[in-house]
Amino acid sequence: MTDLALRSENLRKVYRTKGAPPTEALAGVSLEVQRGERVALLGRNGAGKTTFLRIASTLLRPTSGRIQVFGYDVDQTPEKARPYIAVVPQEGKPFFHLTPREQVYTYLRARGLTRETARARTEEALEKMGLTEFANRLSITLSGGQRQRAMVATVIATEAPLLFLDEPTIGMDPFARRSVWEAIRTLTRHGSTILLTTHYLDEAEALSHRLYVIERGRVLISGTADDLKRSVGGTVKVLLPGGASLFETFRSFGQCVVDGDALTIIVTPERLGEIMELAVRSKLLATVGPVTLEEAFLRVVGRSIDEN
Amino acid sequence: MRTSDLPPSTRAFRGLSAFLWTEVLVQAHEELAMATSMLVQGVLLVFVYILAPALLGVALVGAILYSTFTMGSRVLNEAAYVRIDHKANDLYLAGPMSPEAYFLGMAGGILVVYLTPVIILGILTMVVVHLTLLQGLLILALAATVWVFSASVGYIFSTFFRDNRAIWAYSSLFFNVFGVLPPVFYPFALFPAALRPVALLMPPSAAAAIAQASLGITQLTAGELSLAVGGLAVETTLLFLFAIYWARRTVRGD
């Protein structure tokens with residue numbers, strides 16, 4: 001097996017619907033995911049993340065470009081790539097009339113695992129996802145978050161070499177999200193590779209070795225979360241409520257963003273002292289914190305991740 | 001050995017038995033659907049029993065064929081529902097399980113669970129009509145053929161819908177027009193002569209006509225019998241092969 005789990009070159013996808021202009025969902029996406037990596041595709045709704053994931057997981061044909069999974073061409077020989085992959089589909093749900101235990105077990109059996117292995121992995125996955133207590137209840141009686149955990153349990157139990165997770169923690173409470181994160185980390189420690197989409201910035205930062213920021217079907221930037229944050233031009237964020245009118249005064253220190261009457265300045269730590277001095281002289285209250293991925297995303301994309 | 005290294009014949013049915021069992025479990029948990037699966041047949045049998053008790057045997061054979069025919073409606077609803085609402089296609093088909101196994105497993109699981117009414121009807125038929133072994137086997141083969149046809153139609157149609165609500169009307173229309181209106185529950189001889197070739201090209205009524213002829217209830221000309229047998233065999237085979245092709249074809253969207 002090659003060390004490159006996934007490679008796409010200039011991948012394009014144009015949706016053509018009768019009576020509507022063609023929509024370019026992917027406009028030449030090139031990316032690579034090494035074996036054992038956790039990589040996040042980060043982007044707003046409609047950026048092209050799910051389209052990329054669907055093509056990579058053999059469920060959608062690209063318009064042009066190439067994409068390979070462990071060296072197998074996904075478009076030309078999807079049947080060769082499929083044994084290596086498993087996918088948590090966006091908005092996927094377990095069968096409502098199966099219990100989580102039946103769901104995971106039967107899915108593993110359908111993938112060709114032996115009874116013993118399937119049974120052992122089912123119990124392990126249910127425990128990891130905190131579902132043991134609900135394992136014998138029909139999924140129709142579970143909450144949305146519990147159903148999503150059942151979906152994730154189903155897929156992580158496969159221990160497939162390459163897992164595609166499309167918004168895997170959507171609808172989950174913070175504790176459940178952390179369980180999923182831990183399970184995903186464990187999988188990569190055991191050699192699996194993860195490509196996930198998310199619009200939770202904290203999830204992308206906590207979980208991924210590398211990120212690709214996608215907007216309008218294009219990769220705008222890639223790197224580690226720290227690389228992205230450094231691209232903002234500073235590592236410290238100073239928030240000055242009521243400081244918007246002093247935009248000109250502060251703009252020489254670094255990147256300034258006005259939001260209502262507040263002013264946010266991104267600076268290097270060396271210049272923090274000067275800013276604080278100026279803020280005190282201007283009788284402004286200042287809040288200092290580290291630059292987050294949110295600022296980086298805002299700078300790269302030009303819009304907040306939640307903005308449609 | 002990896003799945004991709006397996007010879008094509010083995011790979012085509014990879015995951016079939018496990019997915020069939022999955023579908024059996026899913027369906028078996030829906031007790032109400034199981035309990036009501038005999039409703040239409042039951043009501044029609046009661047009507048026939050009250051209005052024309054002499055035709056009860058015909059109606060019972062028709063009810064067997066209708067029961068296997070309506071399994072296609074369940075395949076249609078289930079396949080569309082789990083694809084649209086649950087994304088089960090994505091979960092199962094982005095993996096080593098084959099699309100053929102997905103289609104056949106779903107259809108087979110539904111068959112297993114809803115076979116009980118057919119068995120009950122079979123026993124009743126044997127009591128009322130006094131079937132010979134050959135007649136019994138023929139009706140069984142016809143019911144199986146109608147099941148293959150309807151499951152194929154159901155699966156193919158399921159791929160065209162994007163909204164579950166739209167399915168209910170079409171499903172009900174299709175399966176009642178093809179299963180109740182033509183001579184399935186009543187003798188083929190009562191059907192207008194000019195429309196008989198049409199009825200013989202519809203698999204449920206073609207199967208019913210063959211069954212009725214074998215029981216001596218209906219007389220078919222050699223041409224009519226050929227049309228019924230040939231039409232049933234050719235349509236079912238072609239549709240089944242197309243369903244297999246379509247199952248493979250629709251794994252990936254364009």
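**Figure 1. The largest nonpolar core of the predicted model.** In this predicted model, the largest nonpolar core has 158 residues, and the members that touch the most other members are Ala56(A), Ile85(A), Ala153(A) and Leu65(B). Helix α5 of chain B, residues 56-84, gives the largest share of this core, with 15 residues. From chain A, the core draws at least three residues from domain 1 (4-229) and at least three from domain 2 (233-290). In soluble globular proteins, nonpolar side chains tend to be buried together.

**Figure 2. Surroundings of Ala56(A).** Ala56(A) is one of the core members that touch the most others. Neighbours within four places in sequence are left out of this view; the contacts of Ala56(A) are then Leu6(A), Ile67(A), Val69(A), Val74(A), Phe164(A) and Leu195(A).

**Figure 3. The contact between chain A and chain B.** Chain A puts 27 residues into the contact, and chain B puts in 26 residues. On the side of chain B that touches chain A, α2 (16-28) and α6 (88-93) each supply at least two residues. The largest share of that side comes from α2(B), with 6 residues. By residue type, the side of chain B that touches chain A has 10 nonpolar, 8 polar and 8 charged residues.

**Figure 4. Leu59(A) in its loop.** Leu59(A) sits in the loop of chain A between α1 (49-56) and β4 (64-69). Leu59(A) counts as buried because 21 C-beta neighbours lie inside 10 Å, where 20 or more are needed. With neighbours within four places in sequence set aside, Leu59(A) is in contact with Arg54(A) and also with Asp90(B), Ala94(B), Arg252(B) and Gly253(B). Glu182(A) lies 123 residues from Leu59(A) along the chain, and the C-alpha atoms of the two are separated by 28 Å.

**Figure 5. The fold of chain B.** The secondary structure of chain B consists of 13 helices and 0 strands, so its radius of gyration of 19 Å, close to the 18 Å given by the globule rule for 254 residues, makes chain B as compact as a globular protein of that length. The C-alpha trace of chain B spans about 60 × 40 × 35 Å along its principal axes. Of the 254 residues of chain B, 47% count as buried. Counting contacts in chain B between residues at least 6 apart in sequence, 82% join residues at least 24 apart.

**Figure 6. Helix α13 of chain B.** This helix covers residues 222-249 of chain B, has 28 residues and reaches 39 Å from its first C-alpha to its last, close to the 40 Å expected at 1.5 Å a residue. The buried residues in α13(B) are Glu224(B), Ala228(B), Leu232(B), Thr236(B), Leu239(B), Ala243(B) and Ala247(B). An α-helix has 3.6 residues a turn, so residues three or four places apart point the same way.

Figure 7. Chain A is assigned domain 1 (4-229) and domain 2 (233-290). The C-alpha centres of these two domains of chain A lie 40 Å apart. Helix α10 of chain A, residues 272-281, is hardly covered, with 1 buried residue among its 10 residues. Just after α10(A) comes Lys283(A), which takes a positive phi of about 55 degrees.

Technical notes: Residues are numbered from 1 along each chain as its sequence is written. Chains are lettered from A and ligands numbered from 1 in the order in which they are written. This is a predicted model: local features need pLDDT of at least 70, side-chain atom pairs count only at pLDDT 80 or more; totals for chains, interfaces and linings use all residues. A nonpolar core is a set of buried Ala, Val, Leu, Ile, Met, Phe, Trp, Tyr and Cys residues joined through C-beta atoms within 7 Å. A residue is buried if 20 or more other C-beta atoms lie within 10 Å of its own, exposed if 12 or fewer, and partly exposed in between; C-beta atoms are placed from the backbone. Helices (H or I, at least four residues) and strands (E, at least two) are DSSP runs, numbered from the N terminus. Domain bounds come from an automatic or database domain assignment. Two residues are in contact if their C-beta atoms, placed from the backbone, lie within 7 Å. Ala, Val, Leu, Ile, Met, Phe, Trp, Tyr, Cys and Pro count as nonpolar, Asp, Glu, Lys and Arg as charged, and the others, Gly among them, as polar. The radius of gyration is taken over C-alpha atoms; the globule rule is 2.2 Å times the number of residues to the power 0.38. The expected span of a helix is 1.5 Å times one less than its number of residues.
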